[in-house]
Amino acid sequence: MAHSDRSYPPTAQQILKQYFGFDQFRPHQFEIIQAINRQQDVLAVMPTGSGKSLCFQIPALMQPGTTLVISPLIALMKDQVNHLLIKSISAGLLTSAMTQTQQEENLSLFRLHKFKLFYVSPERLKSRKFLQASLKADIRRLIIDEAHCISEWGNDFRPSYRRISQFVTFLKLHKKSTGGKNQRLSLAAFTATATSRTQTEIIHNLQLKNPQKFVLSLIRTNLRMQIIHVTSLFYKNLYLLRLVKKHQHQNGIIYVYSRQSAQDIYYLIKKFLPTIKTNYYHAGLKKAERNHRERLFMHGEIQLLIATNAFGMGIDKANIRYVIHYQPSPSLENYYQEIGRAGRDGQPATVYLLHYPADWFIHQTFIHQQHMTEQQKKIKINKLKNMFYFVKNNRCRTQMIGQYFSQPVSQPCGQCDVCLHQTDRTKFSFITDQEKQFRQQLIEQRRRLAQKLKISPTQIATNHLLEQIAFLQPKTGTDLLQLAGVGQGNIQLISQLVASSVTETGSQS
Ligand code: ADP
Ligand code: MG
């Protein structure tokens, strides 16, 4: 460890500066570091992006022994270990993605007390090899990252997280029998979203001893929540395209509920907004491909990622300016975590939820199809109901979130669709003036044409179609043929309509 002789050992503040290059702690970081240094058990509930990793990485550097970190995803482990290695901090990991030799190597370094931080998945805790190594290793602190995975009531229940408590008992028994001095094993659990019920479950399950609790309000004041109610899938796609166009120069994520819709939306955007650099991400893709797309997104070569909830846990990209939910999430925990990926730099970000009533059936059907106990189904249905009330109720969105997560927010946020009284108007609030003008022209020309041909205007073109034309501004016959409702039979008529409207408005670019 590099240090100046005058101040050794370095303080937490100095490590923050020397290793991580930051001048100031963020809220709670210093207090958590102190608690861990005192060997006190900790439960920290702090929103995504608030800097939870430093809270255990710094004590790991200040204290003797190894800090073992349980983390749910390989991508998360790799990301953190790489960050630490760059800073010359001895960190390692054990994942199924490594070769056998690499695994053996890291396991033996772990056994020989060479790592300050060692990362493993919860599944690893059942491996005999790992258990044997951990008895030889010098584990002083156990960190449970994304600890809500322990809770059945949390949104990402992961049965193997339940093994952690067995592992703790195993280690503690061993420590007792070898009688190490000052060798208390301290535990610290970190999560971004946990209702008070989930918090209680974490504490009980891990048997945290007198844990010091740190809860940082997860209410992010820089997120503008907008729910857009649509009456058909057609409008949903149209608004989706509008929103993407509006944010075309920014980074964003579209969350969809199924792998199929991830691909469908991808092709939709490719077709109508071909300049957007986009791709999709879901668990059905090969791991290498997923990692590749994630990297491209992290580095800005993909600006819009269309993803299922397989994407995102722990993702740390600062400048995501918008998130669009193509369907409501199955729970408010999921929803809040997903929108929390926007605006991590603290700058304003807008998050949209496109709500089409039939979406709820898809969720319900999905829950009923899954192999779960009745109790688990009941939990899921209950969560879905809470999501439903959130979407349907006309109360400040931020206040509703606060209430759900037991963190009451005293004032309405003043920037969500409810506060802005936009619940009915949002639909049209992002149409450009030029589009509006063009649409008016189309309507007018349709009327004239209808009179001339002595048929009703909607026989020439439906309002849907005019809206598509106004938004997409097709330039050629081929463009027109892409639109739903235009075929060889009516292409001439529609071309005529568009051409006359263009000459009237004098512009179409
Ligand atoms: P979380 O696990 O809470 O989602 P991370 O630990 O991934 O958050 O940290 C989010 C980002 O904040 C990282 O880029 C990290 O380097 C940065 N960060 C953490 N602490 C500080 C700090 N005190 N000052 C500035 N940036 C910080
Ligand atoms: Mg984290």
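Me: Which residues of helix H2 are called buried, and what makes a residue buried?
Reply: In this predicted model, the buried residues of helix H2 (residues 29-37) are Gln29, Ile32, Ile33, Ala35 and Ile36. Buried means under 20% relative accessible area, so each of these residues falls under that cut-off.

Me: Why are the buried residues of H2 said to line one face of the helix?
Reply: Seen down the axis of H2, the buried residues fall within an arc of 160 degrees, and therefore they line one face.

Me: What covers the buried residues of H2?
Reply: The cover includes helix H1 (12-20), H3, and the strands E1, E5, E6 and E7. After H2 comes Gln39, with a positive phi near 65 degrees.

Me: What makes E1 and E6 paired strands?
Reply: Pairing requires at least two bridges, and 4 bridges join strand E1 (residues 42-45) to strand E6 (residues 186-191), so the two strands count as paired. They run parallel, and Leu43 stands opposite Ala189 in E6.

Me: In what order do the strands form the open sheet?
Reply: The order of the 7 strands is E3-E4-E2-E5-E6-E1-E7, with parallel pairing. Strand E3 (91-94) and strand E7 (212-215) each have a single partner strand, which means that one side of each is left without a neighbour in the sheet. On average, neighbouring strands are turned by 15 degrees against each other, direction ignored.

Me: How do you know that helix H3 packs on the sheet?
Reply: Helix H3 (residues 52-62) touches strand E2 (66-70), strand E4 (117-120), strand E5 (139-144) and E6. The direction of H3 makes about 135 degrees with that of E4.

Conventions: Residues are numbered from 1 along each chain as its sequence is written. Chains are lettered from A and ligands numbered from 1 in the order in which they are written. This is a predicted model: local features need pLDDT of at least 70, side-chain atom pairs count only at pLDDT 80 or more; totals for chains, interfaces and linings use all residues. Side-chain values use heavy atoms; hydrogens and water are left out. Axes are lines fitted to C-alpha atoms, for helices over the stretch in contact, and angles run from 0 to 180 degrees between N-to-C directions. Contact means heavy atoms within 4.5 Å. Buried means under 20% relative accessible area, exposed over 50%, partly exposed in between (1.4 Å probe, protein chains only). The arc is that of the directions from the helix axis to the C-beta atoms.
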